[in-house]
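Reader: Could you take me through this protein with a few questions and answers?

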Amino acid sequence: MSAQEYELIKEDDEKSLHKYRKHCMQEMHERLSFGPKFEGVYDLDSGEDFLEVIEKEHRLTVVVVHIYKDRVQGCEALNSCMDCLTTEYPSVKFCRISAAATGAGERFPDDVLPALLVYKAGEFLGNFLAVTQHFSEEFFATDVEAFLNEYGLLPEKECGPGADEDEADVE
């Protein structure tokens, strides 16, 4: 084996080891107490998906579920707000499900939508029907955030994006 081949193999080994260490640190971080991190809003397709998210999520994870119906005032805006909040609160699992897909669509007529349900460790924390009644006609993610914080349902904000980029150098 030439010295050049040896250096290439050594470099690949170091990259793999570095990647493995980073993965282990992430897993340890999740297991110890901080819980998993989420990206984006999760679309739930059925009542079974809804129950699974609530029952099987990490004990420290807050789960916020938006129940919506297309063409109901405020539902689309609330979806957009949740998209924004996912970047601010990566430890919160934001989900959305169509009222019809819940399997209990008759319990969610248009006048109670959009609805927000909040859970943690399988426990029901909050039920907000026709939640947009609490906002002005035009509302933003900061309004939804303030509303949820008013009830103590969101955790502390995490450090800004890129905060764990420096962790990549940990050896």
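Predicted model: local features only at pLDDT ≥ 70, side-chain atom pairs only at ≥ 80, totals over all residues.

Author: Residues are numbered from 1 along each chain as its sequence is written, and side-chain values use heavy atoms, with hydrogens and water left out.

Reader: In what order do the elements of the protein run from the N terminus on?

Author: Helices (H or I, at least four residues) and strands (E, at least two) are DSSP runs, numbered from the N terminus. The protein has four helices and five strands, and their order is α-β-α-β-α-β-β-β-α.

Reader: Which residues of α3 are exposed?

Author: Buried means under 20% relative accessible area, exposed over 50%, and partly exposed in between (1.4 Å probe, protein chains only). In α3, Cys 75, Leu 78, Asn 79, Cys 81, Met 82, Leu 85 and Thr 86 are buried. These cover an arc of only 160 degrees around the axis (taken from the directions from the helix axis to the C-beta atoms), which puts them on the same side of α3. On the other side, the exposed residues are Glu 76 and Thr 87.

Reader: Which residue in β5 is the bridge partner of Tyr 119?

Author: Two strands pair if DSSP finds at least two bridges between them, and five bridges join β4 to the antiparallel strand β5 (residues 123–128). In β5, the partner of Tyr 119 is Phe 124.
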